[in-house]
Amino acid sequence: MNVTDVKQIICMKWGSLYGAEYVNRLYAMVRYCTQGPIRFVCLTDDVQGIRPEVECLDCPSINLPMPHCLRPWRKVNLFSESAGLFGFSGDWLFLDLDVVITGSMDCFFTYKPQESFVVMQNWTQKGKGIGNTSVYRFRVGADSYILNDLLEDPEGVISQYRNSQTYISKNIKALNFWPEDWCVLFKVQCLPPWPRRFWVAPTCPPTARVVAFPGEPNPHQAVKGRWPVKRWFKRVYKFTKPASWIQEQWDQAESAIK
């Protein structure tokens with residue numbers, strides 16, 4: 001990796017699941033927790049309400065059958081060659097919108113600089129060689145076969161792999177993980193085990209730099225102690241007290257960059 005003065009960060013927002021506030025909060029947290037100049041890009045189908053410091057570009061579609069083309073498989077577009085990715089070059093840090101940044105991000109740009117792909121450990125499948133693509137660094141064009149192979153045989157790939165992060169992890173030439181204490185899952189490292197979660201609030205590990213929220217609750221739900229469930233009996237274990245530190249991180253970042 002050629003370390004430059006500008007740290008490059010990218011996120012994606014399509015559909016209505018996450019509003020502009022998620023992009024704006026993510027930018028604020030990245031800006032607050034990253035030293036030096038940054039380039040923050042959001043690939044999106046709706047720029048309304050996104051703060052002007054964010055560089056918004058059209059979110060590329062992906063030639064997959066419904067409903068897969070609207071699911072996280074769309075993120076595989078980032079493995080495109082430079083010509084298919086707005087002429088981007090170099091290394092980029094991808095962040096899902098539903099992450100909360102809790103520590104310095106500088107190390108994510110310099111860790112294992114020789115590697116073209118570094119990803120968060122998937123804590124729900126630890127030891128199985130699967131990354132969680134909520135947080136990963138990629139080098140533009142270095143692993144373009146990931147996208148090309150998917151588009152050459154979409155039905156075969158999708159039938160073999162349950163989701164895009166499993167496909168990427170099992171087919172990338174070099175799978176590298178961030179240090180284990182950098183990236184955590186809210187439901188694994190922050191949420192107290194059952195039944196303590198009914199009287200003990202979630203806490204953020206002091207060494208964590210990014211907290212990911214795959215599935216539910218989303219950060220805006222967890223901060224209020226809400227965990228949506230469709231079946232009443234799941235309330236027996238799907239419960240969280242308010243995680244007040246989420247709001248503290250948001251407020252601290254926003255106030256620091258004003």
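## Ground rules

Helices (H or I, at least four residues) and strands (E, at least two) are taken here as DSSP runs, numbered from the N terminus. The model you are looking at is predicted, and local features need pLDDT of at least 70, side-chain atom pairs count only at pLDDT 80 or more, while totals for chains, interfaces and linings use all residues. Residues are numbered from 1 along each chain as its sequence is written, and side-chain values use heavy atoms, with hydrogens and water left out.

Let's start with strand E2, residues 38-44. Six of its seven residues are buried, so E2 is largely enclosed by the rest of the structure. Here, buried means under 20% relative accessible area, exposed means over 50%, and partly exposed lies in between (1.4 Å probe, protein chains only).

E2 has a parallel partner in strand E1 (residues 7-13), with seven bridges between them; two strands pair if DSSP finds at least two bridges between them. Cysteine 11 has cysteine 42 of E2 as its bridge partner. To get from E1 to E2, the chain passes through helix H1 (residues 20-33), and this β-α-β crossover is right-handed. That label applies if, with the strands pointing away from the viewer, the path from the first strand over the helix to the second runs clockwise. E2 also runs parallel to strand E3 (residues 55-58), joined to E3 by four bridges. In E3, aspartate 58 is the bridge partner of threonine 44.

## Backbone spots to check

Most residues other than glycine have a negative phi, and most peptide bonds are trans. Tryptophan 194 and proline 195 are joined by a cis peptide bond with omega about 5°; proline 195 sits in the loop between helix H5 (186-190) and strand E10 (210-212). Another cis bond, with omega about 5°, joins glutamate 216 and proline 217, and proline 217 belongs to the loop between E10 and helix H6 (219-222).

Phenylalanine 86, which is not a glycine, has a positive phi near 60°. This residue is in the loop between E3 and strand E4 (91-95) and is partly exposed at 40% relative accessible area. Lysine 112 likewise has a positive phi, about 45°; its loop runs between strand E5 (99-101) and strand E6 (117-121), and at 31% relative accessibility lysine 112 is partly exposed.

## Rings and charges

The structure holds 20 aromatic pairs. Rings of Phe, Tyr and Trp (its six-membered ring) pair if their centres lie within 6.5 Å; planes under 30 degrees apart count as stacked, over 60 as edge-to-face and the rest as tilted. Tyrosine 111 and tryptophan 178 make a tilted pair, 5.9 Å centre to centre with 45° between the planes. These two are 67 residues apart, with tyrosine 111 in the loop between E5 and E6 and tryptophan 178 in the loop between strand E8 (176-177) and strand E9 (183-185). Tyrosine 111 is partly exposed at 22%, whereas tryptophan 178 is buried at 3%.

Tyrosine 136 and phenylalanine 138 have ring centres 5.9 Å apart and planes at 50°, so this pair is tilted. Tyrosine 136 is buried at 1% and phenylalanine 138 is buried at 2%.

Finally, the charges over rings: NZ of Lys or CZ of Arg must be within 6 Å of the ring centre and within 35 degrees of the ring normal. Arginine 25 lies over the face of tyrosine 22, 5.8 Å from the ring centre. Lysine 173 lies over the face of tyrosine 145, 4.8 Å from the ring centre.
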